[in-house]
Amino acid sequence: MASVPSLASTVNQRVAHALSSALPEAGAAVDPLLRRSDRADFQANGILALAKKAKANPRELATKVVEGLGADEVLAEVEVSGPGFLNITVSDRAIVETLAARAADDRLGVPFSKDAGTTVIDYAQPNVAKEMHVGHLRSAVIGAAMVEILEFTGEKVIRRHHIGDWGTQFGMLIQYLLEHPHELDHKAEAAGSEVSGEEAMSNLNRLYKASRALFDSDEEFKTRARARVVDLQAGDEQTLALWQRFVDESKIYFYSVFDKLDMDIQDPDIVGESGYNDMLVETCRLLEESGVAVRSNGALCVFFDEYKGPDGNPTPLIVQKSDGGFGYAATDLSAIRDRVGELGADTLIYVVDARQSLHFKMVFETARRAGWLTGDTKAVQLAFGTVLGKDGKPFKTREGETVRLVDLLDEAVDRATAVVREKAGKVGLTEDEIVENGRFVGIGAVKYADLSTSAARDYKFDLDQMVSLNGDTSVYLQYAYARIRSILRLAGDRKSAAHPELALAPAERALGLHLDAFGELIAEAAADHAPHKVAAYLYQLSSLFTTFYDQCPVIKPEPELVVAENRLFLCELTARTLTKGMSLLGIRTPERL
């Protein structure tokens, strides 16, 4: 089905046309600056600036626009306010008819672009042989939400998980494993059971600590480990096979954590640093031959006039070190070449910590100078802030260590399960339902706390607030959805039907107009790479539904039949919008809570 134009866009077009007719010299591309208003449904503020530019009286121009609009089935009332604003009220019929069109569409009338481009999103980038901590949360959660939002609007999205799977530390790990070949053996596998992420990580942690202790205390082992790095980089078969064991062991752990996060990470989408090794020499050659990069003290560097260090000298992007080793820049530039040249991307999104902003600015500028990023291709860093503790400082354990992500998720689920269990008796949940809903609510709480904050901002990780039934939390939204499902069950045989002939109560109008804005909101969130706008919309939707339910009886006291049907229609459309919006954020909506 075709997308359903919102009332806001319809009104905007009508006012723009009337404005162009009233002021021909302004041309056809006038912007009425329409926005929602607490004085009417919408207010048009653009007339004042246009009148000033044309040296016309703004109130007189506004009056001409009103005369050109006239009243019809969409516009119930248009009045001039103040120095030249227009206050616009749409008809109840228009609201219900537009919502009925949305309800008739599986996509709720949200536009789907068949001509959208290809976006590569780089997110969820843990490191091989290292435990995931709270710092890995934001990239995973924000990136996964952006994938869902963009795909829903029609974009072809290619996921990339640029894991840290290469580097000098592997010499130490591989050499130790070569000398202690049973360190990664699995007890579970020996017993015929599936290997858990916890066991995989336990093995890796134990091996890392033992190899590090030996590396720091035994000079002969240190020499052997450094020689092993050379073997790894040279492609030695035995060394690569042992390196692959570390990657495979880490993936068992990664997948277990992403499974807890209710995220689908596919193996073909994991292309780590090692995936670009074969391109590094050519990347450096192309940069040097084109003059984009130059040798400085033996290193291959790219310089920028605008980026200077504390000493006032330019800060270079080091592509290749003086010892011949390759820096992160070489890998990132090779990845751009691959993603644009081989994958056909016209947009690259990097969901990466804001503290790496300078690095990515320099990488993107270098790629443009080299011609790998053209005017038609854009690369953006969706930079995110830091997860803070309740004290407003970076989130740490009491011992000052980084918080393990798996511990944080388990605690969130435990807290949420306690909240669900407390309410379970009222709706008759089984123990299995309590456990499942506890998982949905706990993981949803963690995701929503992250996504309800603008990515660039830091946010405080406060589990007590996250699982609260009050305020801007996912639990509040999930309970709103469950309440609607309960209402629809209680309705029994009574049907849900739109009745455009009815007059709407103020709470019905407010809810209806907000429901109508869903499509435009999704388009805006996709264009701005801003999942927090979806979260804000859903919280407001839940709040408006609460007001509607308090003021407009649906089941008891039983309203007139057509009124009840129309209100059930609003309930059903709200539930569909809520569950769709929450799914775009990666959050489940249980039917009963």
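**Close-up views of a predicted model**

View 1. The model contains 12 aromatic pairs, counted for rings of Phe, Tyr and Trp (its six-membered ring) whose centres lie within 6.5 Å, with planes under 30 degrees apart called stacked, over 60 edge-to-face and the rest tilted. One of them joins tyrosine 176 and phenylalanine 221 edge-to-face, with 6.4 Å from centre to centre and 85° between the planes. The two residues are 45 apart and link distant parts of the chain: tyrosine 176 belongs to helix α6 (residues 169-179) and phenylalanine 221 to helix α9 (residues 219-234). Helices (H or I, at least four residues) and strands (E, at least two) are DSSP runs, numbered from the N terminus. Both tyrosine 176 and phenylalanine 221 are buried; buried stands for under 20% relative accessible area, exposed for over 50%, and partly exposed for values in between (1.4 Å probe, protein chains only).

A word on the model itself: it is predicted, so local features need pLDDT of at least 70 and side-chain atom pairs count only at pLDDT 80 or more, while totals for chains, interfaces and linings use all residues. Residues are numbered from 1 along each chain as its sequence is written, and side-chain values use heavy atoms, leaving out hydrogens and water.

View 2. Tyr350, Phe360 and Phe364 come together as one aromatic cluster. Elsewhere, arginine 107 places its charged end over the ring of phenylalanine 152, 4.2 Å from the ring's centre. For this, NZ of Lys or CZ of Arg must be within 6 Å of the ring centre and within 35 degrees of the ring normal. Tryptophan 372 has arginine 337 over its face, 5.6 Å from the ring centre.

View 3. Four strands run in the order β1-β2-β4-β3 with antiparallel pairing, where two strands pair if DSSP finds at least two bridges between them. At the edges stand β1 (34-36) and β3 (75-81); each has a single partner strand, so one side of each lacks a neighbour in the sheet. On average, neighbouring strands are turned by 25° against each other, direction ignored. Three bridges connect β2 (residues 42-44) with β4 (residues 85-90), and phenylalanine 42 faces isoleucine 88 in β4. Helix α1 (residues 7-22) lies across β1, β2, β3 and β4, at about 135° to β4. Contact here means heavy atoms within 4.5 Å; axes are lines fitted to C-alpha atoms, for helices over the stretch in contact, with angles from 0 to 180 degrees between N-to-C directions.

**View 4. A salt bridge across the sequence.** There are 38 salt bridges in the structure, each a side-chain nitrogen of Lys or Arg within 4 Å of a carboxyl oxygen of Asp or Glu. In one of them, arginine 509 meets aspartate 41 at 2.3 Å, N to O. Arginine 509 lies in helix α18 (residues 506-516) and aspartate 41 in the loop between β1 and β2, so their pairing ties together parts 468 residues apart in sequence. Arginine 509 is buried at 14% relative accessibility, and aspartate 41 is buried at 7%.

**View 5. Further charged partners.** Arginine 355 and aspartate 353 form a salt bridge, with their closest N and O atoms 2.6 Å apart. Arginine 355 is exposed at 66%, whereas aspartate 353 is buried at 15%. A network of salt bridges links Lys390, Glu411, Arg415, Asp462 and Asp464.
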